[in-house]
Amino acid sequence: MPSLEDHCSCTSKHSSGAKWFVYKVEEMMSIITSMLSQAYGSLHDARTANLIRRGLVLFTVGAIFALVLNLLQIQRNVTLFPEEVMTTLFSSAWWIPPSCGTGAAVVGLLYPCLDHHLGKPHKFKREWASVMRCIAVFVGINHASVKLDIDNTIQLSLTLAALSFGLWWTFDRSRSGFGLGITTAFLATVISQLLVYNGVYQYTSPDFLYVRSWLPCIFFSGGVTVGNIGRQLAMGGVEKLHNE
């Protein structure tokens, strides 16, 4: 017949075994939690770095667009700047490249964010060849705005509006892209009106308050173009994160 001491010893062994098991489970959970925390931190850092890279690329693209297209308008006497700023970078005001670069970064990052928020990833013509063609068409629309010899400003504005809509239809076709393009055109036109009103620069032959009536078309097509670049950069970033 087992004694009381044997029973106590057996109970003690079971208790110590249970404590050891609980300790090992807690240790394992701690290791798993630590690994998940490190993985989340690495993923968060990778996404932040990817966002910064995309923003810098979009900023550079916007600054280059501003330099080239603004120089084209200055040479055709569409826009006029004070003489004191005409000796700066590429005969343009110093604030134009960083301002347009910042705007391009904001718009280019908003497009994929809005697609993600709506739960409708944009997959229409998602390749760099299509993006480059979109850029070429956008530059062509800007070139047409200063090169077309049309005396009737309404006819010129309608022509550029049709070209801008055609750019959206050919390379985008999304409701979010159209809405953001309209919003970009509206806000950029209002800012341009304020700048001209305060004498920062001026347009020759303004026919839409202080600016040219075709200017919103340029901003709309520019917003769609930058949005396509931003979407393509975001798609490349997502694929890179999945591969990692």
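1. In this predicted model, helix α3 (residues 128-147) and helix α4 (residues 153-171) have axes that come within 11 Å and cross at roughly 180 degrees. Because angles over 145 degrees count as roughly antiparallel, that crossing makes α3 roughly antiparallel to α4.

2. On the α3 side, the contact is made by S130, R133, C134, V137, F138, I141, A144 and S145, which meet L156, L160, L163, S164, L167 and F171 of α4. Sorted by class, the residues of this contact are 10 nonpolar, three polar and one charged.

3. Helix α2 (residues 96-118) has an axis that comes within 10 Å of that of α5, and the two cross at roughly 140 degrees; the crossing is right-handed. From α2, the contact draws on V107, L110, Y111, L114, D115 and L118, while α5 contributes S176, G177, L180, G181 and T184. Here the division is six nonpolar, four polar and one charged.

4. Helix α5 itself (residues 175-197) has 23 residues and reaches 33 Å from its first C-alpha to its last, which is close to the 33 Å expected at 1.5 Å a residue. Just after α5, G199 takes a positive phi of about 80 degrees.

5. Which residues of α5 are buried? They are S176, G177, L180, G181, T184, A185, A188, T189, S192, Q193 and V196. An α-helix has 3.6 residues a turn, so residues three or four places apart point the same way. Among the buried residues of α5 are S176, G177, L180, G181 and T184, and these are also the α5 residues that make the contact with α2.

Conventions
Residues numbered from 1 in each chain as written. Predicted model: local features only at pLDDT ≥ 70, side-chain atom pairs only at ≥ 80, totals over all residues. Heavy atoms only, no water. Axes fitted to C-alpha atoms, helices over the stretch in contact; angles between N-to-C directions. Helix = DSSP H or I, 4+ residues; strand = E, 2+ residues; numbered from the N terminus. Parallel < 35°, antiparallel > 145°, perpendicular 65-115°, else oblique. Contact = heavy atoms within 4.5 Å. Nonpolar A, V, L, I, M, F, W, Y, C, P; charged D, E, K, R; others polar. Expected span 1.5 Å × (residues − 1). Buried < 20%, exposed > 50% of the residue type's maximum accessible area, 1.4 Å probe, protein only. Left-handed = near helix turned anticlockwise from the far one by under 90°.
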